[in-house]
Amino acid sequence: MFLAKEATSLSQCGVEREGVFMLLCKKIKLDLSEQDMATLEFMQGKCRGLYNWWVMKLRDGEKWRFNACKKTLAESRAHDPELNQVYGKLLAEVYYRLDGAMRAFFRRVANGETPGFPRVRPRHGFFTLCYPAMYLTLEGNTLMLPTGGKGKHKRFPAIRAALTELPPEGFREVAISRDGRGNYYASFSYREPEQAKRDGNTVAFDLGIKTLATGVTQEGRIYHIGGFKGSRWYNKQLDRLRSKRSKCKKKSRRYLHLSKVYKRVSQRKRNKQRDSLHKASHLIARRLVERTVVVGDLSQRHMVMKEHQERNKALNRAVYNDWGLYAFVQMLTYKCQLYGKELQLVDERNTSKQCSGCGNLQAMPLWKRTYQCAECGLVMDRDENSAHNILTRFLARRGPYTQACPECDVLQVTQSGVEVMGTSCEGQVQQLNLFEGA
């Protein structure tokens, strides 16, 4: 996410502050005719070909100079006259995108990181088309996308894309993309003012597999945020489809049919998983009253070590494919910044092994879900114990603090959806349903 500062002042939550905006994006599905789909495929294919041609020239030793390389577009048009049927701003965007890739490559080389030279874009992938908003026309719920060519040499008419939702006001750029099932989307970038910084306490979250996030506050309130619960069912369906497809002859009618069904099921799984992560991150950043959110900086590689695979052979798939840890942290990062909260990352090493009462360290493989301390006799859920340790480590960096009483009762959460259940030291019970209005 990008930030833009302006000299104007605004009133947000009753506080006057300098205008600070965050650049957000709204993705809307498009309804297109067959002719408009073919036009988009033609233009993205030509843009992808121009991008790959320059990547191959750079691999052969061509030096990259942005201004000089961009001036060669006229020569490319003369070599391939079909480029004249592509909107000129889309062709110019190819050079800007390649310039960004080369700058990132040189930066990684200077920092001693893995270089990662720009790659050739595959033919089955869709090359995203970026339109500046000033060259687009919005007629009701129809978005007019211009094409290349003039007069009698114009081959394709302007694309009429029907929007299924209302676009945000004052959008700056529109990116046209396509998913694996062949559906087209328009991503509108717009600015949203950040809210003023809030005042409040601290909540620490431990990210887990069984429960997406388990949190504890300074007052001892416990939060259980459940994530997406349908991964196992979808994985069984995908495995069954993949097994049937492997027995068919490639490119046969049944093979192509099973491939379409596989894409449809996998896309539905990704949509539900991402929707669950968005709802959970929105709940933490928007609806919880605590100002500071602390999350453990967890390494997924350590979750699938050999000693952790004693009783769970499907752990690799659950951690790397179904968990979505990186995406959840990225969502939480920009949403906390947007809603005026502070997000802190704390080293999570040994937080599950360490007792939150006495500090004793003991082995805790992943199949053990309850922490039973051999020294002080503390019995607690392993995720709640880890959340207590994360909160203790964060508050220790700020100075002396009083530890929350370990006698707080814990309310068990029902795994019927993405919910937050909590109890405080005084026995107060709170339930925040994610599907209710904010």
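Predicted model: local features only at pLDDT ≥ 70, side-chain atom pairs only at ≥ 80, totals over all residues.
Tutor: Residues are numbered from 1 along each chain as its sequence is written, and side-chain values use heavy atoms, with hydrogens and water left out.

Student: What makes the pair of Phe66 and Tyr96 tilted?

Tutor: Rings of Phe, Tyr and Trp (its six-membered ring) pair if their centres lie within 6.5 Å; planes under 30 degrees apart count as stacked, over 60 as edge-to-face and the rest as tilted. Phe66 and Tyr96 sit 5.0 Å centre to centre with 55° between the planes, so by those cut-offs they pair and are tilted.

Student: And which parts does that pair tie together?

Tutor: Phe66 is in helix α2 (residues 66-70) and Tyr96 in helix α4 (residues 88-110), so parts 30 residues apart in sequence are tied together. Helices here are DSSP runs (H or I, at least four residues), strands are too (E, at least two), and both are numbered from the N terminus.

Student: Why is the pair of Tyr87 and Tyr131 called stacked?

Tutor: Their planes stand at 25° and their ring centres are 5.8 Å apart, so the pair is stacked. Tyr87 lies in the loop between α3 (73-79) and α4, and Tyr131 in strand β3 (residues 129-132), so this pair links parts 44 residues apart in sequence.

Student: How many aromatic pairs does the structure hold, and which residues form one aromatic cluster?

Tutor: There are 15 aromatic pairs. One cluster is made of Trp53, Trp54, Trp64, Phe66, Tyr95 and Tyr96.

Student: How do you know whether Tyr96 is buried, exposed or partly exposed?

Tutor: Buried means under 20% relative accessible area, exposed over 50%, and partly exposed in between (1.4 Å probe, protein chains only). Tyr96 has 44% relative accessibility, so it counts as partly exposed. Tyr87 and Tyr131, on the other hand, are both buried.

Student: Why is Lys251 called exposed?

Tutor: Its relative accessible area is 67%, so Lys251 is over the exposed cut-off. Lys251 lies in the loop between α5 (231-246) and α6, and its phi is near 70°, a positive value in a residue other than glycine.

Student: What about Asn350: what is its phi, and what makes it partly exposed?

Tutor: Phi of Asn350 is near 65°, again positive in a residue other than glycine. With 33% relative accessibility, Asn350 counts as partly exposed. Look for Asn350 in the loop between β13 (342-347) and β14 (370-372).

Student: How do you know that Ser281 is buried?

Tutor: Ser281 has a relative accessible area of 0%, so it is buried. Ser281 is in helix α6, and its C-alpha is 7.4 Å from that of Lys335, 54 residues apart along the chain. Ala161, in strand β6, is buried too, with a relative accessible area of 0%.

Student: What makes the charged end of Arg121 count as sitting over the ring of Tyr51?

Tutor: A charge sits over a ring if NZ of Lys or CZ of Arg is within 6 Å of the ring centre and within 35 degrees of the ring normal. For Arg121 and Tyr51 the distance to the ring centre is 4.9 Å. Arg191 does likewise over the ring of Phe21, 4.8 Å from its centre.

Student: Now the second largest pocket: why is it said to lie between the domains?

Tutor: Domain 1 (21-193) and domain 2 (202-398) both give residues to its lining, so the pocket lies between them. The domain bounds come from an automatic or database domain assignment.

Student: What makes up that pocket and its lining?

Tutor: On a 1 Å grid over the protein atoms alone, a pocket is an open set of points where a 1.4 Å probe fits, with protein on both sides within 12 Å along at least five of seven lines; lining residues have an atom within 4 Å of a point. The second largest pocket has about 1,200 Å³ of space, the volume being the space filled by probe spheres set on the points. Of its 35 lining residues, Cys25, Lys27, Arg274, His278 and Met331 are the closest to the centre. Helix α6 gives the most to the lining, with 10 residues.
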